Amino acid sequence: MTAERRPLSKWLYPEKKKLGEDIFPAGRPPFDPFPSVTNLLNAALCPVAAVHDFLRGNEGALLGQYDSRNLGELFHGFIAHLKRLIVDGKLDLSASNPGALEGAIQSIFLDYSSKRGFGPSAAGQVWERSIQPWVNRRLLDGSLGLLRKGDHLFFELWIVNPRMELTLDGGVRHYPVYGRADEIDIERQRIIERTVKPPISGGPPLLKDLQVWLLWKALTTLPKKDLPGSWRSVPFERFELMVETPEVDFVIDKASPDFETQLHAAYSWIHDICSFEQPGVMREVYDNAQCTPQAPHRECSHPFTGCFPRTFPFPSSRPEMKRIFAPWYRLLLWERMWQGDLWWYQTSMLDSQALVEKGLISRGRIVSSTPEKTEIRLEHGVPQIAGGFDRFEVVVFGTMACGLRTDAKLLEVTDNSLVMKFGGEGVSRAGSAVLFQPSSDSSSVFQRQPEFLTSGSQRGLFKVQKMGLIKPERAASVSQVQLLEAIFGPKRVAGRKR
Ligand code: SF4
């Protein structure tokens, strides 16, 4: 259930001609944010979750508890790993005795999970709760056995669309969005969103259907020129959308009008919260909260941390802190938008040549690659971005708008090459030696803006605002509380006697 909101008449984009110029960030950004899929799902869940996301730096409304987040990553990561082994030709299931397959996959899982820091007991629990049921289903329905060496499977594929199209009143609205699809299976024409969250009332887990639909919509409304060359004739419009859990799969009805309604409302909430144009917007946000302390939301992570924390008598200056902090959250949001959202607009709306000229990306070819290091020969020499931070991202397949990216650590700079160590599963994550040919595809190398640092400041501010103690004697001995009382409250700081 989403809080309704009248759709916007239009999304506020930055002026395209200014994107290529040097922009001096000052004051309120003259554009709306460039939301991620996560931002949109938060806003679709509850407008208060969008406030936590954009103003308090906490985008985790739908992450659930820490354990289940780790579990979800391991579930998805291992299935991707297993399928990559098969399509890369490193694992042949047909060669194994069917009775021994489950044991063989379990031993691959235990090796995979131990390399990611899971001890035997934790890994055993994850195996029993999620991987084993999934493996048993896939061995029973034969779908794992259908995978072949060279199949075109892509995991964690980035989709960045500055002008996704949603229909409204017989017309079209454009909105920006970016996110990652868990799996795109070109052979079986399917997009899969995978989760360990439980189904709800016989349907898919909360908002997972909207998530896979949103990614599909972002992909299918990209201009063909922004797709990888070999994908321009792939009929993504016809692809099946699936939400996959350990126990059950859900095929999503692409024609459901609810998805567009939910997204128009989500964009509208995000615009209103971030623009502060309407004085009463915060009251409207809280009027539309999707739960109460008496009936907290079952899935949202915020009830007792973000939304309904206990109120403590100390520091007594909390109301004053809340009043003084309010504009800081907004200023930090603007900083996030200047740093992060503007970068997303630039890297998705400027052409490749303009991005190179602005120093936002470098283009080059991978000339050699081993698990330890990959050499990228650059088209225009080593750019300025090679100085400073040594963390980069590299598009190893596809385009900035639609492709596989890997994080990379800079090891060495030579005359016209960068030598890097790729993170994750490296080049092999392309999953297909046919579509991805390191010697011929051109790669983009770039650094993302550190907008997460500003989100961290928002979170820190909110943490200070929420801290509290009950007992006066304890409050009198905790220096942070005393300091806050001195800065924001009635406490007098003793001066030195003359
Ligand atoms: S706890 Fe309730 S009010 Fe708060 S963000 Fe979640 S759903 Fe909304």
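**Entry 1: the β-α-β unit.** I looked up strand 3, helix 8 (residues 208-220) and strand 4 and found that they make a right-handed β-α-β unit. I took right-handed to be this: with the strands pointing away from the viewer, the path from the first strand over the helix to the second runs clockwise. I took helices (H or I, at least four residues) and strands (E, at least two) as DSSP runs, numbered from the N terminus.

I noted that the model is a predicted one, in which local features need pLDDT of at least 70 and side-chain atom pairs count only at pLDDT 80 or more, while totals for chains, interfaces and linings use all residues. I counted residues from 1 along each chain as its sequence is written.

Entry 2: I called two strands paired if DSSP finds at least two bridges between them. Strand 3 (residues 190-194) and strand 4 (residues 240-244) run parallel, and I found five bridges joining them. Opposite E193 I found V243 of strand 4. How many bridges pair strand 4 with strand 5? I found three, in the antiparallel sense, with strand 5 at residues 249-251. Here V243 stands opposite F250 of strand 5. I followed the chain from strand 4 to strand 5 and found a hairpin of four residues joining them.

**Entry 3: strands around strand 9.** I then turned to strand 9 (residues 402-413), which pairs with strand 1 (residues 153-168) over two bridges in the antiparallel sense. The bridge partner of W158 is G403 in strand 9. I found seven bridges between strand 8 (residues 391-398) and strand 9, again running antiparallel. E393 stands opposite D407 of strand 9, and three residues form the hairpin from strand 8 to strand 9. With strand 10 (residues 417-422), strand 9 pairs antiparallel over five bridges. There I noted L410 opposite M420 of strand 10. A hairpin of three residues joins strand 9 to strand 10.

**Entry 4: the ligand.** Which residues lie around the ligand? I listed C46, V48, A49, A61, A289, Q290, C291, H297, C300, H302, P303 and C307, counting a residue as near if its C-beta atom, placed from the backbone, lies within 6 Å. Helix 3 (47-55) and helix 11 (303-307) are the elements that give two or more residues to this shell. I sorted the shell into nine nonpolar residues, three polar and no charged. For the sorting, Ala, Val, Leu, Ile, Met, Phe, Trp, Tyr, Cys and Pro count as nonpolar, Asp, Glu, Lys and Arg as charged, and the others, Gly among them, as polar.
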